Amino acid sequence: MKRRMKSALSLLLAAAIAVPAFAVPTASGAEEVQKYEFEDGTVSGGKIHTEGWKGNTAEDGTGEDYDMTEFSGDGFTYLEQKGTSISVDVTVPADGLYELSICYCEPSDPNKKIQYLNVNGVNQGEVCFPHNLEFSETSGGVVMLKEGKNTIELKAYWGYAYYDYLTIKPADESLTNLSPTRKLSNPNASDSTKRLYNYLCDQYGKHIISGQQEYCGSHNYNQWNDPDTYIKDNEAEFEYLMDLTGKQPAIRGIDFLAYNTTFEWRDNAPERCIEWVNEYGGIVTVSWHWNVPTEKGSTDAAFYVESTGNTPFTTFSVTNAVTEGTWENEKIMQDIELIAGELQKLEDADVPILWRPLHEAEGGWFWWGAEGPEPCKKLYHLLYDQLTNVYGLDNLIWQWTGGTFETSAKWYPGDDVVDMIGYDKYNAVDGKPNLSSIASTFYTLVQSTNGEKMVAMTENDSIPSLENLVNDKAAWLYFCPWYMNYLTSEQNNPKENVKELYQSEYCITLDELPDLKSYPISDAPDLPTETTKPTDDTSESSQPDSKVLYGDADCSGKVDILDIIVLNKALLGGGKLTEQGIANADVDGDAKPTAQDSLNIMKFLVKLIDKLPV
C-alpha cells in the first residue's frame with residue numbers, strides 16, 4: 001500500500017500524474033497528414049538553399065553519386081556544427097500523440113548523423129539520419145503535441161546534413177494502451193520470476209519505480225572483517241539518496257563485469273544480488289560488461305573497441321565468436337558456462353533478476369555491437385539458448401537495451417527472446433541537467449513492439465522531473481542513474497528534483513515494495529474495464545449493487561488513489577467504468593461521474609474535506 005502523502009498539494013499533483021501516465025489522448029480527430037517546409041521555418045546558424053545540385057562524394061569522382069535536385073517546396077536547409085538549429089511551427093487541433101517523419105539527405109557520412117529533437121523547447125531525445133544519396137523520409141518518432149501551435153526543432157548534435165521538410169500525423173491509438181503481455185519468453189520461468197514480472201506489469205503506466213546503479217567493483221575490501229555481509233562498501237550513492245530523500249531506491253543495478261574466464265578477480269556481485277532481494281526486499285537489474293581478451297592469448301581484458309579511444313581495447317570479433325571452431329567461440333562458451341554458474345546461485349536463492357546482457361549494442365562501442373546487427377543478434381540468441389535451455393535458468397527476465405533509430409529494428413533479437421525494452425538516456429549537455437522525460441523516445445519504443453513489451457529507462461544521467469513526467473505523459477517503468485557523479489552532480493541531477501520525485505506518490509521506493517515472493521500471478525493483460533452494455537434486462541448482473549461505496553470507482557472495496565486514476569482515465573476516453581463503478585464515482589449526486597467528482601475524491605483523500613458530498 002502506498003504511504004500517506006506529506007501534504008495535500010503533493011497528493012493532488014501525484015493524482016494528476018497517475019492519470020496521464022496511461023490515459024494519453026491520441027489525436028484521432030486531427031487531419032491525417034500535415035507537411036511543413038523547413039525553409040519556411042526558423043534557421044539558426046545553418047543555411048537555406050533554394051537550388052539543388054548533383055555531385056560525387058569524392059573529389060576525384062570515385063565515391064558515390066548523390067542527387068539533391070528533387071526537393072520539395074522552395075528549397076531546403078543545412079545543419080552544420082553543433083549548436084545550429086532549424087525549426088518549424090506546427091498547428092494541431094487536439095492534444096495527443098503524433099508520428100513525425102523528416103525528409104533529409106545525408107551523403108557525406110557513410111554511417112549516419114544524429115540530431116537532438118526538441119518540442120516546445122524541451123528535449124525529447126535524438127533522431128538518427130542514416131546515410132543516403134537523395135532526399136527521402138525517415139521516422140522522427142512519436143511526439144506529444146498540445147492543441148494549437150507547437151515548435152518542433154532539430155538542433156545539431158552531429159550535424160552536416162540537409163533537411164527538406166517534416167510531416168506529422170496522428171499516432172495509432174494502440175500506443176496508449178500500455179497493456180503488455182503477461183507471459184514471459186521462458187515458459188518455465190519460476191514462480192518468483194512470474195511474481196516479479198506481474199508486479200512490474202501492475203505498476204506500468206501507474207507509477208515509476210526508482211532505481212540506482214551501484215559503483216562497479218571493489219565492493220569487498222572489508223570482506224575479511226564481515227564475511228557474511230556483502231552490501232557495505234562503496235554505498236555512497238545509496239547513502240546520498242537516503243540523506244537527501246529519506247528513501248532508498250527499489251531497484252539496485254549491479255554489474256557482472258568481473259565475471260569472465262580471462263581474469264580471476266571477483267567482486268561478490270551475485271552475493272549482493274541475493275542480499276538486496278532476500279534481505280532488503282528489493283529488485284535487482286543486472287548488466288554484464290562482458291570483458292574478453294584484448295587479443296588472442298592475452299590475459300588483459302576489455303569490452304571497448306579501438307575506435308572509442310579507450311585503453312585497453314579489444315580486437316575480439318563478435319562474428320568469429322558466433323562461429324564454431326574459432327578461439328573466440330571457445331572463449332565465449334567458457335564465459336557463458338561461468339556466468340551460468342553465477343546466475344545459478346541466484347536461482348538457488350530464489351532470486352529473480354532483470355537480466356540485461358549485450359546492452360547498447362547499436363552504439364558500436366562494445367565488441368558485441370561493433371560488427372553490425374546480425375552477429376550481435378546471433379550472440380544474443382546463443383546466450384539466450386545456453387542460459388535458458390542448456391543451463392536451465394528460469395529466474396531471468398530478459399531485457400533488450402536498444403535505440404529509437406530507423407535502423408534499430410534490425411538489431412532487435414525478437415519478441416520470443418525479449419521480455420522488456422530498455423533505453424539508456426545520456427542527454428545532459430553543456431554542464432546543465434536535462435530533466436526532460438523524453439516522451440518521444442518512450443512512445444517510439446512502445447511503438448517498436450506494438451505495446452507488447454514494457455519500456456524502462458535502464459540507465460540515465462538526469463532523472464526526469466516530476467513536472468515533465470506529468471506534462472509529457474511518459475510512462476517509463478523505472479529509472480536507474482549510473483553511479484557517482486551521474487547521480488550526485490548538480491550538473492546531472494539537482495537535489496530538489498531528486499527529492500521531489502522520490503517523495504512523490506508517483507515514485508515507488510524500496511519501503512513501498514510489497515512482498516514480491518507472494519505477489520499474485522496472472523497471465524491476463526491489464527485491460528480497461530468495460531461498461532455493461534445497455535439491455536432490457538434488469539437483473540442483478542446488469543445493475544449496480546444497492547450498496548454503494550462512494551468514491552470506489554474501480555470497485556476494489558476501498559477508496560484510494562487508484563480510484564482517481566480509473567475515473568480520470570474514463571473521463572478522458574481511455575477506459576470505461578462498470579455500472580457499479582459509475583454509481584460509486586458519482587459522489588456529488590448529479591447522476592453521472594464528472595471531473596468535479598474526481599476533484600472531490602482527491603480532496604477527501606488528502607483530508608481537505610471530512611466527507612464526500614453525497
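The chain folds into 14 helices and 24 strands, where helices (H or I, at least four residues) and strands (E, at least two) are DSSP runs numbered from the N terminus. This is a predicted model, in which local features need pLDDT of at least 70 and side-chain atom pairs count only at pLDDT 80 or more, whereas totals for chains, interfaces and linings use all residues. Residues are numbered from 1 along each chain as its sequence is written, and side-chain values use heavy atoms, with hydrogens and water left out.

Of the 614 residues of the chain, 56% count as buried; buried means under 20% relative accessible area, exposed over 50%, and partly exposed in between (1.4 Å probe, protein chains only). Among contacts (heavy atoms within 4.5 Å) between residues at least 6 apart in sequence, 76% join residues at least 24 apart.

Salt bridges form the next topic. Side chains of opposite charge can pair when their charged atoms come close. A salt bridge is here a side-chain nitrogen of Lys or Arg within 4 Å of a carboxyl oxygen of Asp or Glu, and the count by this rule comes to 17.

One of these bridges joins Arg356 and Glu459, with an N to O distance of 2.7 Å. This pair links distant parts of the chain, since Arg356 is in strand β20 and Glu459 in strand β23 (residues 454-460), 103 residues apart. Arg356 counts as buried at 1% relative accessibility, and Glu459 counts as buried at 3%.

Another bridge pairs Lys517 with Asp350, their closest N and O atoms being 3.9 Å apart. Here too distant parts of the chain are linked: Lys517 lies in the loop between β24 (507-508) and α12 (561-571), and Asp350 in the loop between α6 (327-348) and β20 (353-356), 167 residues apart. Lys517 is partly exposed at 33% relative accessibility, as is Asp350 at 36%.

A network of salt bridges links Glu214, Glu235, Arg252, Asp267 and Arg272. Within this group, Arg272 and Asp267 are bridged, with their closest N and O atoms 3.6 Å apart. Arg272 is buried, with a relative accessible area of 1%, and Asp267 is likewise buried at 1%.

Glu126 belongs to strand β10 (residues 122-130) and is partly exposed, with a relative accessible area of 21%. Leaving aside neighbours within four places in sequence, the contacts of Glu126 include Ile114, Tyr157, Thr404 and Phe405.
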